[in-house]
Amino acid sequence: MTAPAAPAPDEVLVVDADRPRAPGPRPVVDVAVGVLFDRDGRFLLTTRPPGKAYAGHWEFPGGKVEPGETVEQALRRELQEEIGVTIGSAHPWRVLEADYPHARVRLHVCRVFDWRGELQMHEGQAFAWQTLPVTVTPVLPGTWPLLRWMAQEGGPETAQANA
Ligand SMILES: Nc1nc2c([nH]c(=O)n2[C@@H]2O[C@H](COP(=O)(O)OP(=O)(O)OP(=O)(O)O)[C@@H](O)[C@H]2O)c(=O)[nH]1
(Lines give C-alpha, C1' and ligand atoms only; values in the text may rest on other atoms or scores of the structure.)
Protein backbone atom coordinates (compact mmCIF):
# COMPACT_ATOMS: atom_id res chain seq x y z
CA MET A 1 0.00 0.00 0.00
CA THR A 2 1.36 3.42 -0.85
CA ALA A 3 1.47 6.17 1.75
CA PRO A 4 -1.25 8.83 1.38
CA ALA A 5 -0.15 11.88 -0.60
CA ALA A 6 1.15 14.69 1.59
CA PRO A 7 -1.22 17.66 1.66
CA ALA A 8 -0.10 20.74 -0.25
CA PRO A 9 1.01 23.38 2.22
CA ASP A 10 -0.98 26.58 2.58
CA GLU A 11 2.35 28.39 2.91
CA VAL A 12 6.07 27.65 2.80
CA LEU A 13 8.31 29.57 5.16
CA VAL A 14 12.10 29.72 4.95
CA VAL A 15 13.58 30.53 8.36
CA ASP A 16 17.05 32.09 8.80
CA ALA A 17 17.65 31.82 5.04
CA ASP A 18 21.23 33.11 5.44
CA ARG A 19 22.24 30.17 7.65
CA PRO A 20 23.67 27.01 5.98
CA ARG A 21 21.59 23.93 5.23
CA ALA A 22 22.75 20.41 4.40
CA PRO A 23 23.07 20.22 0.61
CA GLY A 24 20.54 18.26 -1.47
CA PRO A 25 16.94 17.38 -0.78
CA ARG A 26 16.08 17.03 2.87
CA PRO A 27 13.36 14.79 4.26
CA VAL A 28 10.24 16.58 5.41
CA VAL A 29 9.25 15.75 8.99
CA ASP A 30 5.52 15.69 9.72
CA VAL A 31 4.52 17.49 12.91
CA ALA A 32 1.10 17.60 14.59
CA VAL A 33 0.35 21.00 16.13
CA GLY A 34 -2.63 21.90 18.32
CA VAL A 35 -4.39 25.22 18.76
CA LEU A 36 -6.14 24.48 22.06
CA PHE A 37 -8.91 26.87 23.06
CA ASP A 38 -10.24 27.36 26.59
CA ARG A 39 -13.82 28.32 27.50
CA ASP A 40 -12.94 32.02 27.38
CA GLY A 41 -11.71 31.72 23.80
CA ARG A 42 -8.05 32.02 24.72
CA PHE A 43 -5.48 29.73 23.10
CA LEU A 44 -2.50 28.00 24.64
CA LEU A 45 1.14 28.72 23.85
CA THR A 46 4.07 26.90 25.46
CA THR A 47 7.83 27.40 25.33
CA ARG A 48 10.16 24.97 23.60
CA PRO A 49 11.91 22.89 26.26
CA PRO A 50 15.58 23.31 27.16
CA GLY A 51 17.91 21.36 24.88
CA LYS A 52 15.71 21.58 21.75
CA ALA A 53 16.35 23.85 18.77
CA TYR A 54 14.95 27.33 19.49
CA ALA A 55 14.62 26.50 23.21
CA GLY A 56 12.56 29.10 25.07
CA HIS A 57 10.66 30.25 21.98
CA TRP A 58 6.87 30.24 22.23
CA GLU A 59 4.91 27.84 20.02
CA PHE A 60 1.68 25.89 19.88
CA PRO A 61 2.13 22.53 21.62
CA GLY A 62 2.68 19.43 19.49
CA GLY A 63 5.37 17.18 18.11
CA LYS A 64 6.49 14.78 15.42
CA VAL A 65 4.11 12.25 13.89
CA GLU A 66 5.49 8.75 14.42
CA PRO A 67 5.29 6.02 11.75
CA GLY A 68 1.79 4.53 11.53
CA GLU A 69 0.12 7.39 13.40
CA THR A 70 -2.51 9.75 12.07
CA VAL A 71 -2.08 13.44 12.80
CA GLU A 72 -4.87 13.28 15.38
CA GLN A 73 -3.31 10.28 17.12
CA ALA A 74 0.08 12.01 17.19
CA LEU A 75 -1.42 15.18 18.61
CA ARG A 76 -3.31 13.23 21.28
CA ARG A 77 -0.13 11.41 22.31
CA GLU A 78 2.08 14.52 22.27
CA LEU A 79 -0.34 16.63 24.30
CA GLN A 80 -0.73 13.84 26.83
CA GLU A 81 3.04 13.42 27.11
CA GLU A 82 4.02 17.09 27.09
CA ILE A 83 1.21 18.97 28.83
CA GLY A 84 -0.88 16.24 30.48
CA VAL A 85 -4.22 16.88 28.75
CA THR A 86 -6.44 14.46 26.84
CA ILE A 87 -8.01 15.80 23.70
CA GLY A 88 -11.27 14.83 22.00
CA SER A 89 -11.53 15.66 18.30
CA ALA A 90 -8.75 17.53 16.54
CA HIS A 91 -10.09 19.60 13.62
CA PRO A 92 -7.54 19.85 10.78
CA TRP A 93 -7.08 23.50 9.89
CA ARG A 94 -3.98 24.48 7.86
CA VAL A 95 -0.64 23.09 6.73
CA LEU A 96 2.61 25.04 6.95
CA GLU A 97 5.95 23.91 5.61
CA ALA A 98 8.86 25.47 7.45
CA ASP A 99 12.42 25.16 6.20
CA TYR A 100 14.74 25.62 9.19
CA PRO A 101 18.53 25.29 9.12
CA HIS A 102 18.20 22.20 11.36
CA ALA A 103 15.14 20.57 9.72
CA ARG A 104 12.37 20.84 7.19
CA VAL A 105 8.98 20.31 8.78
CA ARG A 106 5.38 20.03 7.64
CA LEU A 107 3.09 21.33 10.35
CA HIS A 108 -0.40 19.86 10.36
CA VAL A 109 -2.22 22.45 12.41
CA CYS A 110 -5.43 21.34 14.14
CA ARG A 111 -7.86 23.23 16.30
CA VAL A 112 -9.00 21.62 19.53
CA PHE A 113 -12.04 22.80 21.48
CA ASP A 114 -12.68 19.60 23.40
CA TRP A 115 -10.05 18.54 25.93
CA ARG A 116 -9.83 17.62 29.59
CA GLY A 117 -7.30 17.42 32.37
CA GLU A 118 -5.13 19.83 34.33
CA LEU A 119 -2.22 21.42 32.50
CA GLN A 120 1.05 19.85 33.62
CA MET A 121 4.25 20.95 31.92
CA HIS A 122 6.14 17.66 31.83
CA GLU A 123 9.17 19.02 29.99
CA GLY A 124 9.82 22.17 32.03
CA GLN A 125 8.01 24.43 29.57
CA ALA A 126 6.30 27.69 30.48
CA PHE A 127 2.71 28.16 29.32
CA ALA A 128 0.42 31.11 28.67
CA TRP A 129 -3.21 31.45 27.65
CA GLN A 130 -3.24 34.12 25.00
CA THR A 131 -5.46 36.25 22.79
CA LEU A 132 -4.38 38.25 19.75
CA PRO A 133 -2.07 40.06 19.64
CA VAL A 134 0.08 37.75 21.76
CA THR A 135 2.05 39.26 24.64
CA VAL A 136 4.77 36.58 24.97
CA THR A 137 8.19 36.79 23.36
CA PRO A 138 10.17 35.46 21.54
CA VAL A 139 7.70 33.62 19.31
CA LEU A 140 9.08 30.74 17.19
CA PRO A 141 9.42 31.84 13.54
CA GLY A 142 7.28 28.90 12.39
CA THR A 143 4.47 29.95 14.74
CA TRP A 144 3.96 33.46 13.32
CA PRO A 145 2.08 32.33 10.19
CA LEU A 146 -0.41 30.45 12.39
CA LEU A 147 -1.03 33.59 14.44
CA ARG A 148 -1.45 35.62 11.26
CA TRP A 149 -4.00 33.11 9.93
CA MET A 150 -5.89 33.31 13.21
CA ALA A 151 -5.98 37.10 12.98
CA GLN A 152 -7.28 36.92 9.41
CA GLU A 153 -10.03 34.46 10.34
CA GLY A 154 -11.48 36.24 13.34
CA GLY A 155 -12.05 35.11 16.93
CA PRO A 156 -12.60 31.68 18.46
CA GLU A 157 -16.34 31.76 17.80
CA THR A 158 -15.57 31.93 14.08
CA ALA A 159 -12.96 29.20 14.52
CA GLN A 160 -15.43 26.88 16.22
CA ALA A 161 -18.19 27.64 13.72
CA ASN A 162 -15.84 26.78 10.83
CA ALA A 163 -14.21 23.74 12.45
N1 LIG B 1 4.99 22.11 18.28
C2 LIG B 1 5.27 23.04 17.37
N3 LIG B 1 6.33 22.87 16.54
C4 LIG B 1 6.54 23.86 15.65
C5 LIG B 1 5.71 25.02 15.58
N6 LIG B 1 6.19 25.83 14.60
C7 LIG B 1 7.29 25.21 14.06
O8 LIG B 1 8.00 25.62 13.16
N9 LIG B 1 7.52 24.01 14.72
C10 LIG B 1 8.63 23.10 14.41
O11 LIG B 1 8.18 21.75 14.35
C12 LIG B 1 9.18 20.87 14.89
C13 LIG B 1 8.56 20.13 16.05
O14 LIG B 1 9.44 19.22 16.49
P15 LIG B 1 9.72 18.93 18.05
O16 LIG B 1 11.19 18.77 18.18
O17 LIG B 1 9.08 19.94 18.91
O18 LIG B 1 8.92 17.57 18.19
P19 LIG B 1 9.05 16.43 19.26
O20 LIG B 1 8.52 16.93 20.57
O21 LIG B 1 8.37 15.22 18.67
O22 LIG B 1 10.62 16.27 19.34
P23 LIG B 1 11.63 15.20 19.88
O24 LIG B 1 11.93 14.31 18.70
O25 LIG B 1 12.80 16.08 20.23
O26 LIG B 1 10.95 14.54 21.03
C27 LIG B 1 10.35 21.72 15.31
O28 LIG B 1 11.32 21.79 14.26
C29 LIG B 1 9.71 23.11 15.48
O30 LIG B 1 10.65 24.14 15.26
C31 LIG B 1 4.62 25.18 16.47
O32 LIG B 1 3.86 26.16 16.50
N33 LIG B 1 4.45 24.15 17.35
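Good morning, colleagues. The structure is a predicted model, in which local features need pLDDT of at least 70, side-chain atom pairs count only at pLDDT 80 or more, and totals for chains, interfaces and linings use all residues. Residues are numbered from 1 along each chain as its sequence is written.

I begin with the chain as a whole. The chain holds 3 helices and 10 strands; helices are DSSP runs of H or I with at least four residues, strands are runs of E with at least two, and both are numbered from the N terminus. Read from the N terminus, the order of elements is β-β-β-β-β-α-β-β-β-β-β-α-α. The C-alpha trace spans about 45 × 40 × 30 Å along its principal axes. A compact globule of 163 residues would have a radius of gyration near 15 Å, and the chain agrees because its value is 15 Å. That radius is taken over C-alpha atoms, and the globule rule is 2.2 Å times the number of residues to the power 0.38.

Of the 163 residues, 28% count as buried. Here, buried means that 20 or more other C-beta atoms lie within 10 Å of the residue's own, exposed means 12 or fewer, and partly exposed lies in between, with C-beta atoms placed from the backbone. Among contacts with a separation of 6 or more, 71% are between residues 24 or more positions apart; a contact requires C-beta atoms, placed from the backbone, within 7 Å.

The UniProt record, an unreviewed entry, annotates residues 27-152 as "domain: Nudix hydrolase". Positions from UniProt are given in the numbering used here, feature names are shortened, and annotations may be inferred rather than shown by experiment. In the model, this span is 17% helix and 36% strand, and its end C-alpha atoms lie 31 Å apart.

Let me turn to strand pairing. Two strands pair if DSSP finds at least two bridges between them. An open sheet of 3 strands runs in the order β4-β3-β10, with antiparallel pairing. Why is one side of β4 (58-59) and of β10 (127-130) left without a neighbour in the sheet? Each stands at an edge and has a single partner strand, so one side of each has no neighbour there. Strand β3, residues 43-47, pairs with β4 over 2 bridges in the antiparallel sense, and T47 stands opposite W58 in β4.

Strand β2 has other pairings. With β8 it runs parallel, joined by 9 bridges, whereas β2 and β5 are antiparallel and joined by 3 bridges.

Which of the 20 residues around the ligand come nearest? They are E59, G62, G63, K64 and G142, where near means a C-beta atom, placed from the backbone, within 6 Å. The elements giving two or more residues to this shell are β2 (28-36), β5 (62-64) and β8 (104-112). The largest share, 3 residues, comes from β5.

Finally, consider R116, found in strand β9, residues 115-116. Is R116 buried or exposed? R116 is exposed, because 8 other C-beta atoms lie within 10 Å. Not counting residues up to four places away in sequence, R116 touches V85 and T86. R116 and D40 are 76 residues apart in sequence and 15 Å apart in space, C-alpha to C-alpha. Thank you.

Terms used. Contact = placed C-beta atoms within 7 Å.
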